[in-house]
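This briefing goes through one predicted model. The notes below are grouped by topic and can be read alongside the sequence and structure.

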Amino acid sequence: MTLPDLDLAHLRHAIELARNARAAGHHPFAAVIVADDGRTLAEAHNLAAGADGNPTQHAELLAVALAFRVASPAQLARATLYASAEPCCMCAGAIHWCGIGRVVYGLSEGRLLELSGEHPDNPSLSLSCREVLARSGRKVEVVGPLLEDEAAAAHRGYWT
């Protein structure tokens, strides 16, 4: 499947935000939500790092909450969430509940687990976002993993 250049540009932007999050002391994850007219509705990075971090503050969850405030349900249904890494099942649930119509992600959950190992800050339920969103009553297109080596770069050495 060939993706439009704009999809790759938005995904690269999410990957860049993940690198910036790491540089700022946060977990290296980020998400960007873009309307079908190309307008950025929201962007966020993970705020769930460290002992004081709230584990629900994943980038996708934060971005979805921001987008929900500025876009109608119809706009969200036509929007795309670009995530530096595959959304976890919690974030996939938020994507479902807020009606985001499309997800494009970089790093797969499997590759992330290879990089993070058994790190306590990255527990996994080993449940792909595709599996979660396939059970949604809404049609949600899921594209990924893409640019996986680029997306993995922000995680190399972080989890050790």
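Aspartate 149 belongs to helix α7, which covers residues 148-153.

**Aspartate 149**
- Leaving aside residues up to four places away in sequence, aspartate 149 touches Arg111 and Arg156.

**The sheet**
- An open sheet is formed by 5 strands, and their order is β2-β1-β3-β4-β5.
- The pairing in this sheet is mixed.
- Strands β2 (40-45) and β5 (141-143) are the edge strands, each pairing on one side only.
- From one strand to the next, the twist averages 15 degrees.
- Strands β3 (residues 80-85) and β4 (residues 102-107) are paired in the parallel sense, with 5 bridges.
- Threonine 80 has arginine 102 in β4 as its bridge partner.

**Helix α2 and the sheet**
- Helix α2, residues 59-70, lies across β1 (30-34), β2 and β3.
- The direction of helix α2 is at about 150 degrees to β2.

**Aromatic pairs**
- The model has 2 aromatic pairs.
- In one of them, the ring centres of phenylalanine 29 and tryptophan 159 are 6.2 Å apart and the planes are at 50 degrees, so this pair is tilted.
- Phenylalanine 29 sits in the loop between α1 (5-23) and β1, while tryptophan 159 sits in the segment after α7, so the pair ties together parts that are 130 residues apart in sequence.
- Tyrosine 158 and tryptophan 159 also pair: their ring centres are 4.7 Å apart and their planes are at 85 degrees, so the pair is edge-to-face.
- The angle of 85 degrees is what sets this label, because planes over 60 degrees apart count as edge-to-face.
- Phe29, Tyr158 and Trp159 together make up one aromatic cluster.

**Burial of the aromatic residues**
- Phenylalanine 29 has a relative accessibility of 11% and therefore counts as buried.
- Tryptophan 159, at 5% relative accessibility, also counts as buried.
- Tyrosine 158 has a relative accessible area of 22% and is partly exposed.

Methods
Residues are numbered from 1 along each chain as its sequence is written. This is a predicted model: local features need pLDDT of at least 70, side-chain atom pairs count only at pLDDT 80 or more; totals for chains, interfaces and linings use all residues. Side-chain values use heavy atoms; hydrogens and water are left out. Two strands pair if DSSP finds at least two bridges between them. Helices (H or I, at least four residues) and strands (E, at least two) are DSSP runs, numbered from the N terminus. Axes are lines fitted to C-alpha atoms, for helices over the stretch in contact, and angles run from 0 to 180 degrees between N-to-C directions. Contact means heavy atoms within 4.5 Å. Rings of Phe, Tyr and Trp (its six-membered ring) pair if their centres lie within 6.5 Å; planes under 30 degrees apart count as stacked, over 60 as edge-to-face and the rest as tilted. Buried means under 20% relative accessible area, exposed over 50%, partly exposed in between (1.4 Å probe, protein chains only).
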